[in-house]
Protein chains: 2
Amino acid sequence: MAERRRVAIIGVGFSRFGERWDKGLRDLALEAGVNAIMDAGLKGEQIDAGYVGNMGGGALTGQEHLGSLLADYLGLNPIPITRVEAACASGGVALRQGYMAVASGMHDIVVVGGVEKMTDLNTAQVTEVLGGAGDQEWELFLGATFPALYALIARAYMEKFGATEKELAAVAVKNHKHGAMVPYAQYRREISLEAVLNSKPVASPLKVFDCSPISDGSAAVILAPLDEAYSYAKEPVEIVASAHATDTIALHDRESLVELKATKVAAEKAYKQAGISAKDIDVAEVHDCFTIAEILAIEDLGFFPKGEGGKATLEGRTTFGGDVVINTSGGLKAAGHPVGATGVKQAGEIALQLRGDAGERQVKDARFGLTHNVGGSGGTAVVHIMKKVE
Amino acid sequence: MAERRRVAIIGVGFSRFGERWDKGLRDLALEAGVNAIMDAGLKGEQIDAGYVGNMGGGALTGQEHLGSLLADYLGLNPIPITRVEAACASGGVALRQGYMAVASGMHDIVVVGGVEKMTDLNTAQVTEVLGGAGDQEWELFLGATFPALYALIARAYMEKFGATEKELAAVAVKNHKHGAMVPYAQYRREISLEAVLNSKPVASPLKVFDCSPISDGSAAVILAPLDEAYSYAKEPVEIVASAHATDTIALHDRESLVELKATKVAAEKAYKQAGISAKDIDVAEVHDCFTIAEILAIEDLGFFPKGEGGKATLEGRTTFGGDVVINTSGGLKAAGHPVGATGVKQAGEIALQLRGDAGERQVKDARFGLTHNVGGSGGTAVVHIMKKVE
């Protein structure tokens, strides 16, 4: 086994998430990239490689080749910037590649960005593009869009564990409560349990407020070897584990509809790499593309026993003062879900928490944080664990 | 600097390139993947990670998330497989990520694949999708497709160096001569200089036989730590350098139209990493998406002085018996250019050459080989150097 270097996050940047009619794909990416570089107190020429997570550049905007585009527009060429795509886990996978590049000594200072420009097309078109995250030939082509797939998961879960729509709704209420405190969030307002329960059905039992929105946005983090991290502006946060797992791309090929195996495999590897267990995590960003997805996530990550995630949420065990604070960013639900940006935003949010820079949404004494990013209906899961450097 | 492991190619596989009406995206990918795994004499469960280069899965076929899809269809999940995209350099960038994963000790046996399914759309649609490799807002949107961009390069080159259309045509003639010997090539037939010169104009001075075709196809290589490589079926080939550079995505922003700076930067890094110079290379696969591109490549890689690449080609200095044998695979021109597969095919072809397994197109006593993969009009370039293990 080759020796690996310890890797730290030394800078964080976000664009405002939302319907960003004022900005195209490249401009959005710049917004977070420049913010992260400034946060780290770096000059651009100190960066020697980059990764960018993006799902639908080609299908949503006609622009592929984002590595070259962003190296160019960030003024960073000729450094290598590599685009990676893993549907909604594109950002998480990009972070993992950046981590590997620094850990291996192949690169020193690496910018990892994620970006998605989704509002150039109409909702039906975006839904079709997002369907490419699943099995195009066996799901999308036959009409199974993502709300439909997650509705099947929700229905199976409710059947098996007697969970209620109220438990699902509690996820949305909690995440909007958190999102109201987040400067970059798409929806900075609270919603009531009744509002969620009475919202329009999308794919029963999922209603419109059970679903994350279509969003434009970007996020970026700067990575460096931990040994060198202290020479930069901000307190470093160490990435102590990085794991990526896959499962069948089609939902109907899974052994179980009520858990994501890829999450469990990635989490197990990550806890092992970090030498900790689920109970050590103080704050986590998990993939709540739909409310049911957060319930599965907090169970599959080991925070709560299978079948009890909804109840725990309803009881307030996943918010401030609870067992573990889930989605201080507001999650995909309230912060928004610019697909390629999400996994990087999660890392940025956790870095803010562990630095103590999360303002009114700060989790007190947070020592270990976790990010969980899912592609498709669970075909990919990426888990990272970050640690406050003491 | 962390210690790095030496990395070898231990298996190679190709699909047949061409208009593959019989196969969809996933089936094409399997064809090369299974061939490579069998060539290495591996079992699937020995593989612990993968990378796949693909440009237009979403825009050409509606299928993104190829990491999960291919892990699934190759029977390899839950291992992480990551899709990378860098336009026509997607395969080369995928290879570099695989190299880094093994060199860092993060993974041991890694499959690197490349695939593109291009013939599901018509030529105009494909041309538009490929335009996403350039600057969508400043080139494609205004009508500058790739044949147009490379025609501008060719015109500038001819103006500056007095090069002729005959010199361009000589690239196509030579590559078809090579391709006629290649089992997986799309066009296994020779063409005459007159046929090229008399072919229909596409974007003057480029004619149809100056252009690489639209192709379906896939390629895969298996990577392993060199120290462990001897336990597998085939003679290992060492990857002694891996470099990736970027330049402005738009052609009009470049300092020069007659060279690709990204190629020069990547080549310089690669030669330095390998501790050799251009004159040590016996065989190279270079990016001849258009005939002019091969001429630029063999100059920018240091094989011939600037302005003399066309003349050298016409004089037979880039074929068997010449200074360096360029594109024994037939290049993109004759082997075909399934975009995401190309960079991986180049590596597979060089591995065959260095193993001595290239049949009637074998370059005698080949010791060092080079691959050169370009994205867009030069926004990305990736150079790898391979060495026969002695």
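In chain A, A:His372 stands opposite A:Val383 in β12(A). That pair is a way into the structure, which is a predicted model: local features need pLDDT of at least 70, side-chain atom pairs count only at pLDDT 80 or more, and totals for chains, interfaces and linings use all residues. Residues are numbered from 1 along each chain as its sequence is written, while chains are lettered from A and ligands numbered from 1 in the order in which they are written.

How confident is the predictor? pLDDT is its confidence in each residue, from 0 to 100. The mean pLDDT of chain A is 96, and 99% of its residues reach 70 or more. For the complex, the predictor gives an ipTM of 0.96 and a pTM of 0.97.

Back to the strands. Helices (H or I, at least four residues) and strands (E, at least two) are DSSP runs, numbered from the N terminus. Two strands pair if DSSP finds at least two bridges between them. β11(A) and strand β12 (residues 380–388) of chain A pair in the antiparallel sense over eight bridges. Their hairpin has four residues between the strands, and A:Gly376 takes a positive phi near 65° there. β11(A) also has a parallel partner: three bridges join it to strand β9 (residues 283–285) of chain A. One pairing is that of A:Val283, whose bridge partner in β11(A) is A:Gly369.

Is strand β11 buried or exposed? A residue is buried if 20 or more other C-beta atoms lie within 10 Å of its own, exposed if 12 or fewer, and partly exposed in between, with C-beta atoms placed from the backbone. In β11 (residues 368–375) of chain A, eight of its eight residues are buried. Both faces are covered. A:Phe368, A:Leu370, A:His372 and A:Val374 lie on one side, and A:Gly369, A:Thr371, A:Asn373 and A:Gly375 on the other.

Two residues are in contact if their C-beta atoms, placed from the backbone, lie within 7 Å. Leaving aside neighbours within four places in sequence, A:Ala293 is in contact with A:Tyr150, A:His287, A:Asp288 and A:Val374. A:Ala293 is found in helix α11 (residues 291–300) of chain A. Why does A:Ala293 count as buried? Because 28 other C-beta atoms lie within 10 Å. A:Ala293 and A:Ala154 are 139 residues apart in sequence, yet 8.4 Å apart in space, C-alpha to C-alpha.

Now the whole chain. An automatic or database domain assignment sets the domain bounds. Chain A is divided into domain 1 (7–121 + 215–237) and domain 2 (133–212 + 240–388). Their centres, taken over C-alpha atoms, are separated by 22 Å. Across the boundary, 39 residues of domain 1 are in contact with 35 residues of domain 2. On the domain 1 side, α4(A) gives the largest share, eight residues.

Finally, the two chains. 56 residues of chain B are in contact with 56 residues of chain A. The elements that give two or more residues to the chain B side include α4 (90–103) and β8 (237–246) of chain B. Strand β3 (residues 81–85) of chain A and β3(B) pair in the antiparallel sense over three bridges. There, A:Glu85 stands opposite B:Arg83.

Copies are superposed by least squares on the C-alpha atoms of residues with pLDDT of at least 70 in both. Chain B can be laid on chain A with an RMSD of 0.0 Å by a turn of 180° and a shift of 0.0 Å along the axis. The two copies are therefore related as by a two-fold rotation axis. The same surface serves both: 100% of the contact residues of chain B recur in chain A.

Terms used:
pLDDT is the predictor's confidence in each residue, from 0 to 100.
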